[in-house]
Amino acid sequence: MSFLQVLRKTSGIVLRKSLTNYAPTTVTVHQRRQKSTHTLAKEVSDSVVEALTSVVGAKNVSTALPVREQHGRDESHHICTPPDAVVWPQSTEQVSQVARICYDNSIPMIPFGTGTGLEGGAVGYKGGVTINLTKMDEIVELNAEDFDVTVQPGVTRETLNNYIKDQGLWFPIDPGAHASVCGMCATSASGTNAVRYGTMRENVMNLEVVLADGTILHTSGPGKRSRKTSAGYNLTNLFVGSEGTLGIITKATVRLYGIPESMMSAVCSFETVHSAVDTVTQVMQCGIPMARIEFLDDVMIDACNKFSNLSHKVTPTLFLEFHGAQEAVKAQVELVEELAHMNGGSEFQWAEKQEDRNKLWKARHNCWYATLALRPGTRGYSTDVCVPISKLPDIIVATKEDIINSSIVGTIVGHVGDGNFHCFITVDPDNPEELPVIKKVAQRMARRAIAVGGTCTGEHGIGLGKKELLIEELGDGAMMVMRQLKATLDPKGLMNPGKVFLN
């Protein structure tokens with residue numbers, strides 16, 4: 001139901017709260033945390049466990065190895081490094097008290113959402129206490145007339161959209177994973193809809209953050225949710241993308257949008273990578289307001305066909321989606337079809353019904369798992385970059401050639417409407433020679449992006465894997481300011497240590 005249909009149907013909007021119970025899937029990993037040299041507390045003592053238990057209750061504290069291992073990895077290739085304990089607070093006040101206990105005892109803190117990150121951002125790299133926020137799962141306040149909502153960190157984007165769809169509203173930021181909204185804030189997530197609706201940076205209005213010493217901060221002021229402000233420093237965007245290294249996000253106020261009157265999806269195949277990506281560049285240069293425009297290379301299409309039971313031609317392909325009023329969508333479609341045909345694109349295959357669109361985009365979201373299915377028993381290595389749109393064709397072609405010349409199995413898929421693309425590469429854990437080759441391919445890809453004015457990561461974040469590349473991208477001056485900000489907000493270096501910064 002579109003927002004327009006809701007307005008026609010009802011003159012009043014009922015507000016209510018909902019609770020969801022989400023538990024992350026257990027990951028079975030039997031690898032012990034690697035030893036690291038650091039000055040932080042090396043283990044959580046019995047007295048600290050007792051103090052944590054007094055705050056959150058015995059059932060919300062665990063030091064069991066399987067639980068710690070579950071929280072010692074994400075979806076990335078990085079080795080499992082468990083924390084020393086896991087706690088499940090149920091309120092901001094409890095998070096604050098847990099943080100204070102850890103701060104007083106110099107124990108590292110690792111915020112944990114749904115564990116869907118791809119750069120090792122949630123692993124217990126230096127031990128400490130993982131703070132699992134999934135039990136804080138309340139939709140705090142929905143302001144439908146103002147198009148905003150405030151949620152706790154356990155609320156996922158899918159839960160939120162299921163809750164607000166009857167109001168004719170949706171939250172369009174879609175990284176593909178069943179990610180939490182606050183986790184998406186922490187990594188500055190984006191995804192398939194970013195070309196039309198922006199990234200998390202453009203859609204977060206206010207954050208409640210618990211700092212390392214337990215201080216509770218509201219980045220735009222308590223209860224503030226104005227659509228714009230020029231008051232003071234932009235503290236909200238300081239924490240968006242901070243990857244848990246500055247504080248623990250316990251509430252987020254984000255923008256909502258009306259569900260479009262009309263949505264249409266299409267698939268168009270091309271003979272070459274260059275012709276497909278040239279089409280994307282031309283579409284964006286023409287100012288056509290695409291909702292989604294996704295590129296999949298031939299290897300990725302083959303994997304999707306096999307994994308999601310599709311039958312698309314195995315060539316470089318674009319998945320497209322158009323949003324708006326019916327007449328506007330029709331005009332957009334005609335323009336994009338013309339540009340695609342000028343570049344040798346096939347006739348569009350349409351998905352107009354919701355179930356057909358869902359099948360198409362589910363296949364796109366399952367690209368990671370489809371890639372892994374190409375080599376059963378392997379693990380995945382994922383990396384992404386983002387470049388100016390005009391540089392996109394050449395850098396995708398160069399990356400494709402690098403993968404082929406390196407004799408590795410990898411796919412390319414991207415949110416190419418904003419210059420962002422990913423490589424998903426399979427890694428044989430029993431072949432120690434593969435991972436170094438893959439890392440070199442990923443580094444060359446990132447350095448090509450940086451060299452043409454782009455970034456080493458468009459949405460995955462820095463985490464453990466791109467710390468050196470961050471220095472190359474930003475330079476010494478910017479890194480110095482970042483370290484000073486970190487030292488001010490986290491003077492003991494306890495917040496998610498080992499991530500973003502080189503030690």
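Trainee: Which residue lies over the face of Tyr103?

Mentor: That is Lys492, which lies over the face of Tyr103 at 4.4 Å from the ring centre. A charge is said to sit over a ring if NZ of Lys or CZ of Arg is within 6 Å of the ring centre and within 35 degrees of the ring normal. Keep in mind that this is a predicted model, in which local features need pLDDT of at least 70 and side-chain atom pairs count only at pLDDT 80 or more, while totals for chains, interfaces and linings use all residues. Residues are numbered from 1 along each chain as its sequence is written, and side-chain values use heavy atoms, with hydrogens and water left out.

Trainee: And what sits over the ring of Trp361?

Mentor: The charged end of Arg292 does, 4.5 Å from the centre of that ring.

Trainee: OK, rings with rings now: how many aromatic pairs are there?

Mentor: A search of the whole structure finds six aromatic pairs, where rings of Phe, Tyr and Trp (its six-membered ring) pair if their centres lie within 6.5 Å, and planes under 30 degrees apart count as stacked, over 60 as edge-to-face and the rest as tilted. One of them is formed by Tyr197 and Tyr257, which are edge-to-face at 5.1 Å centre to centre with 70° between the planes.

Trainee: Which parts does that pair tie together?

Mentor: Tyr197 lies in helix α7 (residues 194-197) and Tyr257 in strand β11 (residues 257-258), so the pair ties together parts that are 60 residues apart in sequence. Helices (H or I, at least four residues) and strands (E, at least two) are DSSP runs, numbered from the N terminus.

Trainee: Is Tyr197 buried or exposed?

Mentor: Tyr197 is buried, with a relative accessible area of 10%, whereas Tyr257 counts as partly exposed at 22%. Buried means under 20% relative accessible area, exposed over 50% and partly exposed in between, using a 1.4 Å probe and protein chains only. Both tyrosines also belong to one aromatic cluster with Trp170.

Trainee: Switching topic, how many disulfides does the search find?

Mentor: The search of the whole structure finds zero disulfides, a disulfide being a pair of cysteine sulfur atoms within 2.5 Å. Cys268, for instance, is in none, and the nearest cysteine sulfur, that of Cys286, is 15 Å away.

Trainee: What about Cys386, how far is its sulfur from the closest cysteine sulfur?

Mentor: The closest one is in Cys456, and at 11 Å it is too far for a bond. Cys386 counts as buried at 19% relative accessibility, and Cys268 is buried as well, with a relative accessible area of 1%.
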